[in-house]
Amino acid sequence: MRKVLIVEDDPAMSVALRDGFEYEGFSVALAQDGEAGLRLATAELPDLILLDVMLPRITGLDVCKKLRGDGNRVPIIMLTARGQEIDKVLGLKLGADDYVTKPFGFMELMARVEAVLRRCTSSETPGT
Amino acid sequence: MKLGRPLHRQTLWIGLVAVLVPLLILLGLQYRWLVKLDSTSALAQQATLSNYLEAVTSEVQYFYSGVAERGLNLPASVFTQNRLDKAAHYFKKKGVAGAKRLFVVNFVEGKDGYPFFFEPSCASLALPPWSPEVRATYVAAAPWRILAQKGGVVEPVTFKIDERDPEYRILLYPITDESSKVVGLAGMILDEAFFEEVVLPAAVAKSLPKLSPGSRGHLDPIVSAWDAKGRLAFMSDWSAKRKGAHPEIQKHLPFVFSDWTIGIASRHATAAQVARKNFLLNIGLSVALALALLGGIVLALRTASREMKLSEMKSDFVSNVSHELRTPLASIRVFGELLRLGRVESPEKAREYGEYIETESRRLGRREHLLHPSAHRSAGGRGRRRARRSFRRPERGLRCAKC
C-alpha cells in the first residue's frame, strides 16, 4: 500500500485529505507542523508528501529545502493559498515536484498525485 | 518571497552613497577653491590699498611740480639783465602756494650766489642778514653755483628738492638762458604746516575716486601720516585713532617730505580679515546648503524605505488574507466533492463532514472583515482596530483568526 504524508496545520483540511486518500487506497500519516513533518518524513518513509506552505514555526518551503538538503528524494506536492508566480517558482526551485493552489478539487489533486508518482516510478526504473 | 527586501535596502544605501560621494567631492573642491580665493583676495586687497597709497603720493608730487612750474619758472632776463624787481613782481602776481619763503639766487657773472629773499609785505627782493635759513638756502644752491661757474649746461630743466635740513625743506628751480646755462635759481622753502593741513588732505581726498567703486565700500581706508619725529601729523579720520587702527601698509613719501611716513588701513577690518570673513561665509553657506540637501535626501530615502516596507507589508497582508480565506474554502470544496462522489460510507461521517463545512463557513464569515476593514467602522472601533492590527502585524492577525 502506498503511503502519503500530509503536513497540514488546518484540522478540517487534514481530515478531508486523510479521508479522501484513505478511500483511494493510500495509507495516511498526518503532521500538524513543519517539525512533525520533518520527523515523520524520515520515520514513516512515505511515497509522497503533501506539504502545506504556511505552517507554524517552520514553513513548508523550509521543510522542503531541509528534506532535499538531507538527500531525501521523496516526491513533494506543495499545497498553498499563495498563488503568485514567485511563490510557485520558489517552491519548485526548492525541490517540490508540483504545486497546487487552494482551493483545489480533490480529483485534480489525485490526478496530480498519480502523475507525480508515475513520473517518479518511471525515473527510478529506467528501461521499463 | 523575502528576496526583494535586502535588494531594496541595498538600493537605498547605494542611492545614499551615490548622492553623498559627489556631494563630499564637491564640498572638498569648493573648500580648495575658497582657500585659494582667500589668499588671492587678501593679496588683491593689499594691492588695492597699496595702489591707493601710490595715488596719494603721486598727488603730492603733482601738487609741488605744479607749484614749481607755475610759480618759480622765471624768465632768464631777470638774472641776465639784473631785474630782480621783475622777479618780485612775478612772485607777488603768482602768489605761490605752500611756500614759507620765496627766494632767488643770481649766478650771473660778478654775483656770489647769495640768496635774495622775497618780502611779501613790500613785494620786493632783498639780501637778508645771515641766519640758519639763509645758510640752508646757500648750501642748497651750492651745486648750482658751481655748475654756473663752470658754465655747465642743464638739460632738461627740472626742479630739485633739498631736505638736508628738515627745518628748511627747499625746492629749487634752475633758470637757464637760451644756451641752457644756469643763470640763476628760483626757490621756495616749503611750509610744513601747509603740507600737513592742505596738501596732504587734498591729495587723500583726490585719490579716493581712484579706488575701484566695488572695493571702496568695504575697504573704506584710513590714511595716516607721521612726521620725521614720529608724531602723528595727519589722519583722514581722527575718530579712528581711538579704535587703534593699525596701518596695513606703510611707506616713506618718495618725493618731498621724504622722512615722513604715510600709512593706510581698512576702516572695518584688515584685508586678511575681510578675506577670512568672506571665506568663512562662503564655506558656511556651502556646508549649510550641503546639509540641507543631505537632509532632504535622507528624508526622501526614509520615505521611500517606509513606502517599500508598507508595500511589503501590504503584499504580506494580501497573501495572509488570501491564505485565511482560501484554506476554509478548500476544505469545504473537498468535503463537498467527497460527498458528491459518494465516498461517505456512514451517516456519522456525513454528519462530521457537515459539521466541518458549517464550521469552515462560519470561519469564512468571521474573516470577511479582512477584505473590507472600513465596513466595520460604523459598527464600532473594535473591528477597525482589529483590522488595523491585522494590517500592521499580519502574523498576529493570522494567529488570532486561526484561534
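This is a predicted model: local features need pLDDT of at least 70, side-chain atom pairs count only at pLDDT 80 or more; totals for chains, interfaces and linings use all residues.
Two strands count as paired here if DSSP finds at least two bridges between them.

Strand S7 of chain B, residues 221–226, runs antiparallel to S8(B), and three bridges join the two. To find this pairing in the structure, look for Ser224(B), which stands opposite Met235(B) in S8(B).

Now widen the view to the whole sheet. In general, the strands of a sheet pair through backbone hydrogen bonds, in either a parallel or an antiparallel way. In this open sheet of chain B there are four strands, ordered S8-S7-S10-S9, and their pairing is antiparallel. Strands S8 (232–235) and S9 (249–252) of chain B each have a single partner strand because they stand at the edges, so one side of each has no neighbour in the sheet. From one strand to the next, the twist averages 20°.

The sheet also has a helix packed on it: H5 of chain B, residues 192–207, touches S7, S8 and strand S10 (261–266) of chain B. The direction of helix H5(B) makes about 40° with that of S8(B).

Finally, step back to the chain as a whole. Chain B contains 12 helices and 10 strands. It has 403 residues, and 40% of them count as buried. Among contacts in chain B with a separation of 6 or more, 64% come from residues 24 or more positions apart. As for the surface, chain B exposes about 22,800 Å², with carbon and sulfur atoms supplying 58% of that area.

Notes: Residues are numbered from 1 along each chain as its sequence is written. Chains are lettered from A and ligands numbered from 1 in the order in which they are written. Side-chain values use heavy atoms; hydrogens and water are left out. Axes are lines fitted to C-alpha atoms, for helices over the stretch in contact, and angles run from 0 to 180 degrees between N-to-C directions. Contact means heavy atoms within 4.5 Å. Buried means under 20% relative accessible area, exposed over 50%, partly exposed in between (1.4 Å probe, protein chains only). Accessible areas come from the Shrake-Rupley method with a 1.4 Å probe; for residues, only the protein chains shown count as cover.
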